[in-house]
Amino acid sequence: MGHLWVDTDSRNLLLDGKEMDFLMKEVDFAEEEKIGVEVGAEELNKIYNNHQDYPHIFSWFDRKLTKLGAIENGAAGIRSFGRLALFYHYPTIMDRVRRLYGKITNVKANQEALAAQGIRVDTASVDVWLIFSVAGGTGSGMFLDFAFALRELSGVRVRSIIMLPSIFSDKPDARCFGNAYAALMELEHYGYGRGEGQLGGQDGFPLAWTKSLYQQGNTLPGPVFDMTYLIDNAPASRVGQMALDDKNALCRMIAEWLYLDYSSGNEVSGLLTQRQADQSNFSAALNTVFAHDYSGVNFQEVFSRRYSSFGLSKLYVPVDRVETAVQHRLVKDLIVFWTRDREIPADLDNLLDRDYFHRVRINNSTEHRDFIHALETDGTGGRLSHILKGLIRDGGGEFIKNVYSAQVRKKMEDWRQDILQKQLNRQDIQAQRGTITKSILQNSETHYKVVIENLGKLVTEMLNEPRYRFDVTLEVLRRMCSRLSDDVEQFKKMEERSRASSNNVAGQVLEQLRWLDDVNGRFTRQTVIEVALEGIERQMIRELQAQIAGAAAVLASRLADYIGRGIQEKNAQGEKITVETGLIKQVMDYREALENEVLSRLNERIHAFEKIEPSPIYQELSKGIQETDFFYVDQNNNPIGENTLTVWEKNFFGKQEAAGPTDLWDMRNTLKQGEKKMLERLLNFARGAMIHIRSRRVDVIERLSEHHKADTPQYKAVVDQLLSYGKPWLPEPDHFVGDAFSVRDSKQWIAWWEQHGSESHEDFKKEVERHESYQFVGTTADRAYVASEVAGIPLMAIRNLKRYRDESYYPFLQRGEVLHTDLAYEKFQDLLLKKSDEVESYTGALRIFLQATLLGIIKAEKSGNGGGMKYVYVDDSQIFNKSTTLGTFSLAIARLARSQEKALREGIQARVVDAMNEMADPKMAKWCTLLSFHAEGGENASFFSRFPKTHAVREILKQEASRLMDDNGDTMKKTVHTELGNLTTWATSTKTPRPEFWAVEQPEGSGIYILENWRR
């Protein structure tokens, strides 16, 4: 399964325009599932200023929209902006679509899903759902192009759920209703089925999303969607209209309907099986059309029935939500179990001296001296002092052998200095340091790492010990830091004493060597040399001890800093405070993060569960916190206590994957990735640990009987709401639709867990059967679904559709607003049937309009954008001409059909009658030819060829020509036949028409050919 969110508003708000709450953010689309298709001012100007580079856009885009701002934070309710955004970002969108399609159909991935989860995926067939509203600009503007673009993918079935504008506004004159009417007209135009024997037809949809595709000129036939569901703001039962603030409840219903369509769980399997069994009936209904013949006039309107709706309500105990709440509660209890206060053991000092100091290897008591031992050890496990003594012993023998040498004193002094230089030089420059000094410093680094590693092990051990956790761990660290700070002072004193002793011995050695100048006897000179060698050894050992003590002091100081000695700062009040540092701060920060960030986010989740607003569609029967208590038990149905948490803590860390945390201290690395990542890990464990609660079920029918007795009004009201809100969310229309519903198919199902022999279950079934006939199917005990589906209905079935048109669509067009995404929008058929009186006024107005237009009495003005026409009637019967703007084709007909426009209509008709009466036979023949030309479409040269052949426009033109020819005999018919051929040849020719030809195109390039000089 894959998701793709496409919007011109990167804020990703809820359906009601509000910010997402916590729970919605938790299930928000991942970044790779989002495509922002905003088009900034700079990008738009690039398009607007280079029309020639974007013919695929300006073939339909109304240039008056270029005066408006950027397409950011939504499309501002302008459908053409939504379509432009798709065109501009088409390569990006389709690249993401293809990658998602490849991921979904990846055979290897699906084999892994089968092996790991037992889910079998049919990669040969992919369902794509487009979910959008027709009320605004983005979804309403791009859905047609998106649907046809998806058809290039192999094995794809494209289906849609369309939210109607009544969900967003209760003001019938709001733009969203005009947008919706325009969008639905376009959907209907491309939405006819192609089954055998079907009526109607339409242009293929242009595949023109890039300049290259536009130049290729390819099209695709309809239908747009294999299945289209319409969702209004009230169910067919009309029990109540959805409040505007409750529109998100409809989103939840839609989401659950899709879940029912694809889930394999026991809670939905019965309903899914029955729905699938009924699909063939629905398919038959969808593949028919509704053809309406108007009595008294010989024309027919054809509408597709490719539309459906559904309803889904439920009575339930929110076991799924309670299960989730229980999992969150377990995670919360684990965190509290880890972070709550612990008492400091009374014998902690003894424990430190007896165990922890030694284990960490910082025991510097008189008996142990961990640092001294570590620092004076050589690389082979020996002692540096032995190395030093060996050097002195080996070198001193030469001086005793050469006791009479005159240079012995000088050589001994140089030799002593050489040992100091090569072995114990403590210069800051590393290259100049002595070999033994380097060993001391290297030993210090090694021991530093050993202690740090041991500290980590100790912190890990103590945090994992339920008696200790954070409080005792922190106290141990503080006392260790304090002891190390004391050690620093002791080692410094040792260093001072040893270096003073070394310096003192050095002076004595120099004094003794000077004696060699005054003595000559062998024994005496040898004795002096031996005493001096002993002094040199003492000096070197004392220097070695001083350096070891100094390094130990530095090591102790570094380790104290690592653990954290704190720093002194002043707070806002100027008071001195200690700010923790080092390992202590890490432990404190980790605890604080668990208590504040993780626990706060967890509490926010839990609080969000408690604050979920009740759905007006769903009825919940819950006992609140008691429900959670009932489910919060271990595998033996015992309440979860500290012993259980101890066991589950070990299970949690013991079952982590290789990259997962191995203990509580190690888990801070997960927290570094964010508290959400840690919660995911903890909740995944909680789901597994609490899997046994799935067998605990609450019988919702029994719960209903606990709330209300079966014969009470309250009980009946619950069942009535359940059944009523389960009806399709598309109320029957309140305007004329004839017999448009005669072929539709509908089903109603109730999914429940029937317990035979249960009085409460029998009561419920009787109450249901008292209302209507339903199909009963199985589900789990904690819910009862009522679901319904109706298929094979025309768009005219939308409630208030007439108000969409009359109170929003027409007025917005009249004001010059752009509602359609096609400049030539007159080709789109009106969605509504007409009553007998409406038919008469409509066809009468249409006949007068067509005659007056082809006679030039009504002037057509071609849009500068290359799209539709605007019509003007000029009354020259008075001294001063009076111009009346009639507007576009549909607006002109609607206006002329109104009773209040009787004077205007009669004035135009009088001029038409005058023109007809003045026509001699030759002119009448040309007039009949012109009518026939436009009726037959003139080989698509006529403006009226854009209308379906069954449209009243074509039929009226044809009827008028036939009537006149019948009145004038066969000679007239023969003349018209000849002239029609000539006119068609001329109109479709690229040659310049000859002067004074009786039919001219006016305005040029419009495809409207009028009778020239009809007064002559």
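Asn 637 is found in the loop between helix 22 (625–631) and helix 23 (642–654); helices (H or I, at least four residues) and strands (E, at least two) are DSSP runs, numbered from the N terminus. The model is predicted, so local features need pLDDT of at least 70 and side-chain atom pairs count only at pLDDT 80 or more, while totals for chains, interfaces and linings use all residues. Residues are numbered from 1 along each chain as its sequence is written, and side-chain values use heavy atoms, with hydrogens and water left out.

**Backbone**

- Asn 637 is not a glycine, yet has a positive phi of about 65 degrees.
- At 47% relative accessibility, Asn 637 counts as partly exposed (buried is under 20% relative accessible area, exposed over 50%, partly exposed in between, with a 1.4 Å probe and protein chains only).
- Asn 73, also not a glycine, has a positive phi of about 55 degrees.
- Asn 73 sits in the loop between helix 3 (55–58) and helix 4 (79–88) and is partly exposed at 44% relative accessible area.
- Most residues other than glycine have a negative phi, and most peptide bonds are trans.
- Gly 222 and Pro 223 are joined by a cis peptide bond with omega of about 5 degrees; Pro 223 lies in the loop between strand 6 (219–220) and strand 7 (227–231).
- The bond from Gln 1002 to Pro 1003 is cis, with omega near 0 degrees, and Pro 1003 is in the loop between strand 20 (999–1001) and strand 21 (1009–1011).

**Aromatic rings**

- The whole structure holds 42 aromatic pairs (rings of Phe, Tyr and Trp, the last by its six-membered ring, with centres within 6.5 Å; planes under 30 degrees apart are stacked, over 60 edge-to-face, the rest tilted).
- Phe 290 and Phe 303 form a stacked pair, because their ring centres are 6.4 Å apart and their planes are at 25 degrees.
- Phe 290 lies in strand 8 (residues 289–293) and Phe 303 in strand 9 (residues 300–304), so the pair ties together parts 13 residues apart in sequence.
- Both Phe 290 and Phe 303 are buried.
- Tyr 48, Phe 58, Trp 60, Phe 61, Phe 81 and Phe 87 are linked into a cluster by ring pairs.

**Charges over rings**

- Arg 469 lies over the face of Phe 337, 4.9 Å from the ring centre (NZ of Lys or CZ of Arg within 6 Å of the ring centre and within 35 degrees of the ring normal).
- Arg 668 lies over the face of Trp 665, at 3.8 Å from the ring centre.

**Cysteines**

- The search finds zero disulfides (pairs of cysteine sulfur atoms within 2.5 Å).
- The closest cysteine sulfur to that of Cys 176 is in Cys 251, 15 Å away, too far for a bond.
- Cys 176 is buried at 13% relative accessibility.
- Cys 928 is buried, at 0%.
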